[in-house]
Amino acid sequence: MSLFRHIRSLNALQILRPGRRHLSTASLQYDQDPQPLFTDAETQSLLQSMTQLQLDKVFRKRTVPDNSTEMKFMTPDQLEKEFVQAIEKARHLLQMPPIVKVKVDTERLISKDAALKDFASTKYVFTDITYGLPQSERKVVVRESDGTLAYANLETVKRMNQLYFPLEGRKSYIPRMFTDEELLKSALDTHKYEFILDRATVQYEPYEPEFHNILSRVFEHLNESKQFDLLRSTRHFGPMAFFYAWHRCIDDLLYDMIRRDYLHNAAELIALSYKIHKIPLDYRSTLEQISALRSTPAEKALEDLRNSIQAPEERQRVGGIEQEIHLAIGKTENDFASDEICLKFIEQYIASEHALKKVQLELAIQTLKEVNLEKLQLFKGLKKAHGVNVN
Amino acid sequence: MNSALLRGFLNKTWRTSILVPLKTYVPQPPVLLNLNCSRNTSFFNKLPAEDIWRGVTAVSNAGKKRGRGKGTGKKTAKDLNRGQTIGLGKKNFVWPGLNSPIIRGNDLIQQQPLAENLEREKNIIKLRDSMGGFRMMKLNPIDRGWSGSKMPGRSIGPPDAVGDEEFESFDTRVLENKIVFIMKGNMGRKRRYSVLSVTGNGNGLAGFSVAKAPEVRTALRKSKNRAGQKLINIDLCENRTIYHDFYTGFGKTKIFCFKKPEGYGLVCHRAIQTICKVVGIKDLYAKIEGSTNLQHIVKAFFIGLMRQKSYQTIANATNLHVVEFQKATNGVAQIQAVPLTTEATNKPPNRIIDFMQYTLGNKIVLKKKKIAPFYVNTKGHTLYQIKQERFRNQANVRLHKLVNQ
């Protein structure tokens, strides 16, 4: 019983506490409505390509209540179906939370019945709990004690929705990490970016100012710690790249992409920033060239999965020595060709006035060029030695 | 003292008194003879205290042979006279001639009360408590076996070194320790101790053996050392569990073992648990059907462990891919083995093969229906459930509230 009393006293304290504590606001905010640009098909495909699809990371081991395993016998046909399903599931898991503008609460009066004044000492909230309605269409109205009938404000609507149709993981109170500055800071300092972003996505609606604030805080911190790889192959990589492109601070992410030899991603990032800021440079032709040479992340992942079930002898028979060489080097001829195009495009960007960290980027490009040249020579030498015709 | 004696005497005279008529004659009713017999010898004052005590607590020789009175000897008689002296009692008093001289100098010492001694009673009880009583053998809780201070389940250390070869990181555990008899031509029924023990390094190397000897200690040593000579290598999956579910048996004992995910623990017969700990298996569920003869369980389990197949062997035998689905990785297919020859594998198999059915050798575990407790259909239980329903989420809410303050 003493625990009960303790909890009750804590609750009482919480009610008494004057006003909720708020996080300090991030310096970078979207000044216009980002939604049309974000949901644009071209932007989405660019962001998806940048996110990549590393199956190991998407399907990494997580803590679940039931961690049991099941073994099955499967024919290659059944496996093929399983692979397609896995890719579909991965794409579903990588769906990006939308970036929309902050919704402003407006008061919408329905009627004012003076006759109903003081009909009760409290407000009455009426919620339409029809089954199957989307959350945004659910009508919630409030009858004030002075007889006014009005549409409920956004907070009340969200609360009612959560009350009648609870979303798994969303709390009726705000988690402490989103109200306590110190807790959020410690989470950021330990690089738990994905955790913070996941929780914010569940807790808040995308139009809430708190959601925007937390996202900006995380992305700003990331830009300083430069741990971009932590978000690669998660659903938050796209919004992150979009955020940097919008606020003209892509250079650190670009440097990271070049260093990790994701040149096509770097080109896509530059193209995205050109697109957002309407810079009159032709990026579409370059993108087309790259996409002609490269398969999409999903296609590549599926290909890898299919290769993994080939018995060693069969691999020899199908792909021959050529495939072995590709595996050893990690690149194909098409990759080398697309790298060439990307490099040109990136160098053009570095030379322009849009790049801020020119020296750093140039150095990275130079190093990469040398490494790539060595790889290319080795690639050609290997092919020649094995008698495979080089184009 | 004198007065007490006198009272006793008077009592006795009264008991055996005969009503004598008075000198002056008064008409009287007929003479009434009231005669109370008393017997002063009895069981209690003929035998010494020791014998009486033994008669109450001990068991006869014949009874002992039949296994009666196993707990005798645990309780010993307490000497209540210890710590007491004549003249000093509950009442603290000066008794001249008993606890003090009668004359001191020229004064005659009188009886007189002294200050009460509160400690005395306590001290006597303390002294009595410290006397006697059966004391259990001191055994560290960590070293205990399956039951009390009995041997089964207890560790008896690594086997003795053979020459320079030492059994490092080995541990031996006793599984069975019992008395067995054999008939000898010249000695008749001969008693020996039989010990079954298992030894292992916790990393897939283990052995077991039975040894008999007239002494417990010798039997333990013999068994331990013999187990060290019979080591078997067992492959562990992920260094913590078995490769696949399997069925194994010995005699009338049937064991079904199931591979379990990390953190599951050992849910099985205590003997299998002990073996698993010694071998290095951490997650396993095993169900025993039929006889639970300990030696048969041990033999069956070891046979099962040795007969495990690798995924590649299974894939080659069935010409099918062996695929694992982990719930922790969102149920994505992870290929464990690819068959060597993929010819004709694409044809749908003429029968559906279930992996578990294959590894269990087409045996099916007996799943008994759980019998509901007697109170399930009672009115009281229904009421209880109705009352409890509102608290069903309380633990969760309480936890969240505590976390968020």
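Asp304(A) is partly exposed, because 13 other C-beta atoms lie within 10 Å of its own; with C-beta atoms placed from the backbone, a residue counts as buried if 20 or more others lie within that 10 Å, as exposed if 12 or fewer do, and as partly exposed in between. The place of Asp304(A) is in helix α14 (residues 297-308) of chain A, where helices (H or I, at least four residues) and strands (E, at least two) are DSSP runs numbered from the N terminus. The C-alpha atom of Asp304(A) is separated by 9.8 Å from that of Leu55(A), although the two residues are 249 apart along the chain.

The model is predicted, so that local features need pLDDT of at least 70 and side-chain atom pairs count only at pLDDT 80 or more, while totals for chains, interfaces and linings use all residues. Residues are numbered from 1 along each chain as its sequence is written, and chains are lettered from A and ligands numbered from 1 in the order in which they are written.

Turning to the contact between the chains, 29 residues come from chain A and 31 residues from chain B, two residues being in contact if their C-beta atoms, placed from the backbone, lie within 7 Å. On the side of chain A that touches chain B, the elements giving two or more residues are α1 (2-16), β1 (69-74) and α5 (76-93).

Strand β1(A) is also joined by six bridges to β13 (residues 321-326) of chain B, and the two run antiparallel; strands pair if DSSP finds at least two bridges between them. Within this pairing, Glu70(A) has Phe325(B) as its bridge partner in β13(B).
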